[in-house]
Amino acid sequence: MNSFHALKDRIAIVGVGNTPYGNFPEIDDYGLGARAFRNAVEDCGIEKDKIDGLLVCRVPQYARMGEILGLNPRWTIQMPPHGRMSGMAIIEAAAALEAGLCDYAALIYANIGRSRRVNYGGEESPGVWDPWGFTSPGAAHAMMFQRHSALYGTTTRQLAEVSVAFRHHACLNPAAVMKQPITIDDHEAARPITEPLRLLDYCLINDGAVCIIMTTKERARDLKKKPVMISGIGAREAYTTSSIGNFDLNFWYDEMRDVASQAYGMAGVGPSDVDALMCYDNFSPTVLFSLEGLGFCKQGESGSFVEGGTLKLGGKLPTNTDGGHLSNSYMQGWALNIEAVRQIRGECEARQVKNAQVVQYCGATPCSRSIIYTPG
Amino acid sequence: MQTAIAAKPRPKIDNVSRGFWDNARAGKLSIQACRACGHSHFPGSPVCPKCLSEDQVWAEVSGKGKLLSWVRFHRAYWDSFRDDLPYIVCLVGLDEGPLLVSNLVGVEPEQITIGAAVEVVFEKVDDELTLPKFRICD
């Protein structure tokens, strides 16, 4: 049987594209997806009709997307519109490319949640805990952070470091939705949503789309830009405790330890080799939990680890250099993955991490994933 | 004529969950227990997640547990909760194992300590529905 380690440096990201991020009531998800696709095609210079693999996420219907783009692929996957899908999607596409199920895969994510007023929490279909008023992914993260504070003494001022660092990056990113710098005091003064979390702990909801084009190492050589390789992947679900959605009593620590050991083991690197981290940040506490699980610090020590601008450009571990979900764009992990690619290519201008050679994506969720990217 | 106020969300009562809500109406807290392997869990499941048996019952538990975490809602995701703001939701680890999300009653936020012993109380909503909630034990 093949070890998944055989996938190391076999599959490349060759093209990335995105739309502007904001509020676009005049265009639908297919229109946004098509624009991101066109930008990714242009980015890698591929002849569009060579694309024979299509993965769509949060796009309503794969066949309509294919019709709009004039594609008849031989591999298709539709992923549900959950945030945790981006890492899963890239790994699935890598496996399909390695197996020869397709030669060039286009992965398209589109979100129209801002203009169509999507709300999280208080859904129509009854959840198990609704009768007690417990709803929304943010409340689950508030529940985890409260426990983390009680167990380890983590403070909201430490948590603020996450939001402040990412906003700093957004201010360096012309594409980011949020443009105003914030301070730790601003974070502390923001209105509470589900205490102990406040408005600045919550991600944005905005429209936009992202496209990633992937192929094998050999095929990547014929395209416009230097490929970015997938050097490590790691995966672990936590389904058996998932009745409380978006929640884990131990902060997905065990799952992220497992993910880290898979991804670092495959890539042959460790946390100290990571030049930049792209960390799923639907809510700021997830970033603290991810840092612990991946081994950037010990469990319980993420609060002091992030103090003093650790996550800022120029800090010990530049994280979410595009501004993340908190301040760049709510592209549910997809924008973080293209930011990883752009960092390795050296295309990030004011927010560029010098000589970024190892860039890691991670998401601590009920489907935890990590991907380690290196130059091809 | 009075304007109808939208009711609070009610539990989905089906063949799997009915026993829990019948027991709650009778002032009993229960978790689903497998008669084949003894595994107990909440919420209910059509088969035992450990051994896949369908031979399961709603077994009464002590109603005692530990407070594992809590939050305070300042936003009403349903209009029907607006008058309750800010309200407290707690996470309880039952002495028998399973976790329950519920409300903590009769306590101010500054009096709450994670790890505190808690016990169930029953709040009758109407003739059909009684909600198990928790209070901190003295």
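Trainee: Where does Pro86(B) lie in chain B?

Mentor: In the loop between strand 4 (64-73) and strand 5 of chain B. Keep in mind that this is a predicted model.

Trainee: What makes the bond joining Leu85(B) and Pro86(B) a cis peptide bond?

Mentor: Look at omega. For Leu85(B) to Pro86(B) the angle is about -15 degrees, and the bond is cis. In general, most peptide bonds are trans.

Trainee: What is omega near for the bond from Phe42(B) to Pro43(B)?

Mentor: Near -5 degrees, and that bond is cis as well. Pro43(B) sits in the loop between strand 2 (40-41) and strand 3 (56-60) of chain B.

Trainee: Where is Leu52(B), and what is its phi?

Mentor: Leu52(B) is also placed in the loop between strand 2 and strand 3 of chain B. Its phi is positive, about 70 degrees, although Leu52(B) is not a glycine. As a rule, most residues other than glycine have a negative phi.

Trainee: Does Leu52(B) count as buried or exposed, and how do you know?

Mentor: Its relative accessibility is 58%. The cut-off for exposed is over 50%. Therefore Leu52(B) counts as exposed.

Trainee: Which value decides the matter for Ser136(A)?

Mentor: Again, relative accessibility: 11% for Ser136(A). Buried means under 20%. So Ser136(A) counts as buried. The residue has a positive phi of about 85 degrees and is not a glycine. Ser136(A) is found in the loop between strand 4 (104-111) and helix 4 (137-152) of chain A.

Trainee: Why is Asn337(A) called buried?

Mentor: Because its relative accessible area is 0%, and buried requires under 20%. Asn337(A) has its place in helix 12 (residues 334-345) of chain A.

Trainee: Which residues is Asn337(A) in contact with, leaving aside its neighbours within four places in sequence?

Mentor: Ser86(A), Ile90(A), Ile212(A), Tyr361(A), Ile371(A) and Tyr373(A). Contact means heavy atoms within 4.5 Å. The C-alpha atoms of Asn337(A) and Ile371(A) are 8.8 Å apart, and 34 residues separate the two along the chain.

Trainee: How do you know whether Ser231(A) is buried or exposed?

Mentor: The relative accessible area of Ser231(A) is 2%. With the limit at under 20%, Ser231(A) is therefore buried. Strand 7 (residues 228-237) of chain A holds Ser231(A). Setting aside neighbours within four places in sequence, its contacts are Lys8(A), Asp9(A), Met266(A), Ala267(A), Ile372(A) and Thr374(A).

Trainee: What makes a set of residues a nonpolar core?

Mentor: The residues must be buried, of nonpolar types such as Leu or Phe, and joined through side-chain atoms within 4.5 Å. In soluble globular proteins, nonpolar side chains tend to be buried together.

Trainee: How many residues has the largest nonpolar core, and which have the most contacts inside it?

Mentor: It has 80 residues. Phe134(A), Leu291(A), Phe296(A), Leu104(B) and Phe134(B) have the most contacts inside it. Strand 5 (residues 87-94) of chain B gives this core its largest share, 7 residues. At least three residues come from each of domain 1 (13-60) and domain 2 (62-138) of chain B.

Trainee: Which residues does Leu291(A) contact, leaving aside its neighbours within four places in sequence?

Mentor: Leu277(A), Phe296(A), Cys297(A), Phe305(A), Val306(A), Leu311(A) and Leu317(A). A second, separate core has 47 residues, including Leu55(A), Met214(A), Ile338(A) and Val359(A).

Trainee: How many Å apart are the C-alpha centres of domain 1 and domain 2 of chain B?

Mentor: They lie 21 Å apart. The contact takes 11 residues from domain 1 of chain B and 15 residues from domain 2 of chain B.

Trainee: How many helices and strands has chain B?

Mentor: 1 helix and 8 strands. The pattern along the sequence is α-β-β-β-β-β-β-β-β. Of the 138 residues in chain B, 46% are buried.

Trainee: Which residues that line the second largest pocket are the closest to its centre?

Mentor: The pocket holds about 440 Å³ of space. Of its 18 lining residues, Thr240(A), Thr241(A), Ser242(A), Ser243(A) and Phe42(B) are the closest to the centre. By class, the lining has 9 nonpolar, 7 polar and 2 charged residues.

Technical notes. Residues are numbered from 1 along each chain as its sequence is written. Chains are lettered from A and ligands numbered from 1 in the order in which they are written. Side-chain values use heavy atoms; hydrogens and water are left out. On a 1 Å grid over the protein atoms alone, a cavity is a set of points where a 1.4 Å probe fits but cannot get out, and a pocket is an open set with protein on both sides within 12 Å along at least five of seven lines; lining residues have an atom within 4 Å of a point. Grid points are joined across faces, edges and corners, and a volume is the space filled by probe spheres set on the points. Ala, Val, Leu, Ile, Met, Phe, Trp, Tyr, Cys and Pro count as nonpolar, Asp, Glu, Lys and Arg as charged, and the others, Gly among them, as polar. Helices (H or I, at least four residues) and strands (E, at least two) are DSSP runs, numbered from the N terminus. Buried means under 20% relative accessible area, exposed over 50%, partly exposed in between (1.4 Å probe, protein chains only). Domain bounds come from an automatic or database domain assignment.
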